[in-house]
Amino acid sequence: QVRLVESGGGLVQAGGSLRLSCAASGTIFGSGTMGWYRQGPGKQRELVATISSGGTTNYADSVKGRFTISRDNAWNTVYLQMNSLKPEDTAVYYCNYNNFGPNYWGQGTQVTVSS
């Protein structure tokens, strides 16, 4: 059973930084894609960033240059370093795992950016 647990959310001033962590278990080592998605108030869930088993990263245009996704070598923790945060980054952030099958999701962690 895949389990994803996010942590690191909180309240931060605009221009500040946060680092989110996703502790993963039950994933297949060296296979699949990990990612971060977010859902802001009154908005649909959207892609933020992904990282493949080979280390290839992709970012939404809205966060490119500000956010960085990374993972540890054991593939059991994925991070999202968020810099230069803006109020529009306020959302619940969800960790995601996919390996050519169903999507698995964490419970989410709240990020609130004040102006």
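Strand S7 and strand S8 (residues 77-82) are paired in the antiparallel sense over five bridges, where strands are DSSP runs (E, at least two residues) numbered from the N terminus and two strands pair if DSSP finds at least two bridges between them. Within this pair, Thr-68 stands opposite Gln-81 in S8. The model is predicted, so that local features require pLDDT of at least 70 and side-chain atom pairs count only at pLDDT 80 or more, whereas totals for chains, interfaces and linings use all residues. Residues are numbered from 1 along each chain as its sequence is written, and side-chain values use heavy atoms, with hydrogens and water left out.

The S7-S8 pair belongs to an open sheet of four strands in the order S1-S3-S8-S7, with antiparallel pairing. Strand S1 (3-7) and strand S7 (67-71) stand at the edges with a single partner strand each, and therefore one side of each is left without a neighbour in the sheet.

Gly-26 lies in the loop between strand S3 (18-25) and strand S4 (33-39). Its C-alpha atom is separated by 6.3 Å from that of Arg-3, 23 residues apart along the chain, and, residues up to four places away in sequence not being counted, Gly-26 touches Gln-1 and Val-2 (contact means heavy atoms within 4.5 Å).

Thr-109, in strand S11 (residues 109-114), is buried, with a relative accessible area of 10% (buried means under 20%, exposed over 50%, partly exposed in between, with a 1.4 Å probe and protein chains only). Leaving aside neighbours within four places in sequence, the contacts of Thr-109 include Glu-6, Leu-20 and Tyr-93, and its side chain reaches the backbone nitrogen of Gly-9 at 3.2 Å.

Methods. A polar contact is a pair of N or O atoms within 3.5 Å; within protein, one must be able to donate a hydrogen and the other to accept it, and residues adjacent in sequence count only if both atoms are side-chain atoms.
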